[in-house]
Amino acid sequence: MNARDSQAASVADHDQNMNIVQLTYAQAAALALEQTMQADPTVIALGEDLGRGGVFGQYRDAQGAPLVQRFGPGRIIDTPISEATIVGAAVGMALAGCRPVVELRVVDFALCAIDEVVNQAAKNRYMFGGQGRVPVVLRMPIGIWSASAAQHSQSLEAWFAHIPGLVVAAPATPADNHGLLLAALQSGDPVVYMEHKELWGTPGAVTPGAVVPLGKARVARPGGDVTLVSWSRQLQACEQAAEQLAAQGVQAELIDLRTIWPWDKDAVLASAARTGRLLVVHEAVQVAGFGAEIAATVAEHTGAKVARLGAPRIPVGYAPTLEAQARVSAEQIVAATQRLLQR
């Protein structure tokens with residue numbers, strides 16, 4: 001058995017003795033896709049620029065070779081520039097028995113296929129009494145992409161969390177981008193899979209074949225004074241803020257939500273009940289962001305004091321000074337936490 005076959009076998013039969021490897025965020029996802037495609041011939045990837053390995057290298061193996069060289073153009077499919085066509089074709093493939101992976105390059109472009117996502121993929125199982133399933137993974141990279149301006153820098157996870165029938169994942173680390181993608185590929189329902197545009201080159205430890213369950217949060221840092229909840233790239237700013245708070249004698253418990261829907265209510269409620277204070281932080285615009293759902297739920301079920309912090313309701317500017325106004329910094333998180341502690 002060669003190395004790649006061994007990796008593929010680990011999807012179905014992984015254990016605690018698997019080797020830990022260092023991979024980037026992009027490589028971790030590519031490995032998950034490669035393993036699953038090797039094990040399951042019904043898995044097909046389609047989208048723009050896949051033949052050259054993807055815009056961010058997320059369709060290249062650890063040696064840098066495009067996955068099309070391994071699986072051929074019949075399974076790694078380059079498509080025309082038509083998001084509605086791409087997603088519509090994938091929904092049809094899924095209903096016919098395939099497990100398609102759709103690459104939409106950035107979430108901003110997914111808006112061109114919103115009918116296919118919201119009215120077709122999400123609703124088919126319900127509308128036809130479970131006779132049809134749409135096991136499609138829709139990769140929609142989110143977040144601010146430096147110097148890319150308003151039409152390439154949005155975080156729209158709350159939009160898709162609002163739609164019944166969709167699962168929404170937002171990995172923050174290479175390990176989670178590997179494990180959550182494996183889980184998404186095994187799901188029988190449509191998964192909106194939201195990788196961050198500025199995390200692709202981030203390195204980290206990955207256990208090949210280790211599945212991260214959908215709907216299960218991770219305690220990234222334990223603490224007893226306040227609970228911070230975040231996801232995706234914003235977790236990095238929260239980690240920096242937690243370090244600054246620790247220097248001030250405040251121990252923040254940091255929860256990486258990992259899955260936006262379903263989200264791990266039990267973990268968040270337990271932490272908030274213990275610390276008595278909760279701050280939700282996200283890169284998305286604060287107005288109607290998913291942080292409001294978390295804050296409301298915690299307020300309804302615990303006596304904790306709650307607050308949320310997100311971006312202002314402005315388009316992301318191209319100029320660095322304007323772009324900075326749309327980012328949520330570690331300093332802002334520290335200040336918001338201090339205000340919460342004083343309430």
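Reply: In helix H6, the residues that are buried (under 20% relative accessible area, with over 50% called exposed and anything in between partly exposed, for a 1.4 Å probe and protein chains only) are Glu116, Val117, Val118 and Ala121. The model is a predicted one, in which local features need pLDDT of at least 70 and side-chain atom pairs count only at pLDDT 80 or more, while totals for chains, interfaces and linings use all residues. Residues are numbered from 1 along each chain as its sequence is written, and side-chain values use heavy atoms, leaving out hydrogens and water. Helices (H or I, at least four residues) and strands (E, at least two) are DSSP runs numbered from the N terminus.

What lies over the buried side of H6? The cover of its buried residues includes H4 and H7, together with strand E5 (137-139) and helix H8 (157-161). Of these, H4 can be described in detail. Two packed helices are described by the angle between their axes and the distance between the axes. Helix H4 spans residues 83-95 and H6 residues 114-121, and their axes come within 8 Å while crossing at roughly 25 degrees; axes here are lines fitted to C-alpha atoms, for helices over the stretch in contact, with angles running from 0 to 180 degrees between N-to-C directions. H4 is therefore roughly parallel to H6, a label given to angles under 35 degrees, whereas over 145 is roughly antiparallel, 65 to 115 roughly perpendicular and the rest oblique. On the H4 side, Ala84, Val87, Gly88 and Val91 make the contact (heavy atoms within 4.5 Å), and they meet Glu116, Val117, Gln120 and Ala121 of H6. An α-helix has 3.6 residues a turn, so residues three or four places apart point the same way.

H7, another part of the cover over H6, covers residues 124-127 and contains methionine 127. This methionine 127 has 57% relative accessibility and so counts as exposed. Tyr126, Met127 and Phe128 together make a nonpolar surface patch of about 430 Å². Patches are built from residues with over 30% relative accessible area and no salt bridge, joining like charges within 9 Å and nonpolar side chains (Val, Leu, Ile, Met, Phe, Trp, Tyr) within 5 Å, and the areas come from the Shrake-Rupley method with a 1.4 Å probe, only the protein chains shown counting as cover for residues.

Strand E5, also part of the cover over H6, leads on to leucine 33, a residue of helix H2 (residues 25-39). Leucine 33 has a relative accessible area of 1% and is therefore buried. Beyond its neighbours within four places in sequence, leucine 33 is in contact with Val43, Ala45, Tyr59, Leu67, Val101, Arg139, Leu181 and Leu185. Leucine 33 and isoleucine 44 stand 11 residues apart along the chain, and their C-alpha atoms are separated by 9.5 Å.

Side chains of opposite charge can pair when their charged atoms come close. A salt bridge is counted where a side-chain nitrogen of Lys or Arg lies within 4 Å of a carboxyl oxygen of Asp or Glu, and the whole structure has 17 of them. One of these joins glutamate 48 to arginine 105, with 3.1 Å between the closest N and O atoms. Glutamate 48 sits in the loop between strand E2 (43-47) and helix H3 (68-71), and arginine 105 in the loop between strand E4 (99-103) and helix H5 (107-110), so this pair ties together parts 57 residues apart in sequence. Glutamate 48 is buried, at 6% relative accessible area, while arginine 105 is partly exposed at 24%. The phi of arginine 105 is near 70 degrees, which is positive in a residue other than glycine.

A further bridge links arginine 218 and aspartate 176, at 3.9 Å from N to O. Because arginine 218 belongs to strand E9 (residues 218-221) and aspartate 176 to helix H9 (residues 174-186), the pair ties together parts 42 residues apart in sequence. Arginine 218 is partly exposed at 26% relative accessibility, whereas aspartate 176, at 3%, is buried. Elsewhere, salt bridges with shared partners join Glu48, Asp49, Arg52 and Arg105 into one network.
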